[in-house]
Amino acid sequence: MKPDIAYDDFVRLDIRAGLITAASAPLWSEKLIRYEIDLGEEIGKRILFSGIRKWYQPEDLVGKKVPVVVNLAPKKMGEEESQGMVMMLDGPEGPALIFLPEETAVGTVIR
């Protein structure tokens, strides 16, 4: 278990519902999946990367809604930047994506 944090630290996270509009496997990586995610009118579209290629196929992710930390500092991945982080569970077989209900509006704040 990680150390306790104050509520004020937790509320600094900006977590939103995002729609995966495209996903691909970059040629320069054996582990990463590149997502294009729509985060709604306020934030727009972003590019994100996750090291989940061992467990997921890019084409299976398109059209899925997922929780995204949108205010994480960008991180360089190949020639691009990952502009957030898709939240996942640590499953018994590896990372498990959290799929939101279809009726969830893109950009909805998650708290």
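Analyst: A word on elements before we start: helices are DSSP runs of H or I with at least four residues, strands are DSSP runs of E with at least two, and both are numbered from the N terminus. The model is predicted: local features need pLDDT of at least 70 and side-chain atom pairs count only at pLDDT 80 or more, while totals for chains, interfaces and linings use all residues. Residues are numbered from 1 along each chain as its sequence is written, and side-chain values use heavy atoms, with hydrogens and water left out.

User: How many of the lining residues are nonpolar, polar and charged?

Analyst: Eleven are nonpolar, four polar and two charged. Here Ala, Val, Leu, Ile, Met, Phe, Trp, Tyr, Cys and Pro count as nonpolar, Asp, Glu, Lys and Arg as charged, and the others, Gly among them, as polar.

User: Now for the salt bridges. What makes the contact between R34 and E80 one of them?

Analyst: The rule asks for a side-chain nitrogen of Lys or Arg within 4 Å of a carboxyl oxygen of Asp or Glu. In R34 and E80 the closest N and O atoms are 2.8 Å apart, which means that the pair qualifies. R34 belongs to strand β2 and E80 to strand β6 (residues 80-82), 46 residues apart. R34 also pairs with E36, at 3.0 Å from N to O. The rule gives four salt bridges.

User: Is R34 called buried or exposed, and why?

Analyst: Buried means under 20% relative accessible area, exposed means over 50%, and partly exposed lies in between (1.4 Å probe, protein chains only). R34 is at 17%, so it counts as buried. E80, at 30%, is partly exposed, and E36, also at 30%, is in that class.

User: How far apart are the N and O atoms of E42 and R16, and what does the pair tie together?

Analyst: They meet at 3.2 Å, N to O. E42 lies in the loop between β2 and β3 and R16 in strand β1, so the bridge ties together parts 26 residues apart in sequence. D14, R16 and E42 are linked in a salt-bridge network. R16, at 8%, is buried, while E42, at 65%, is exposed.

User: Finally, where is S29, and why is it called buried?

Analyst: S29 sits in the loop between β1 (15-24) and β2 (33-38). Its relative accessible area is 12%, so S29 is buried.
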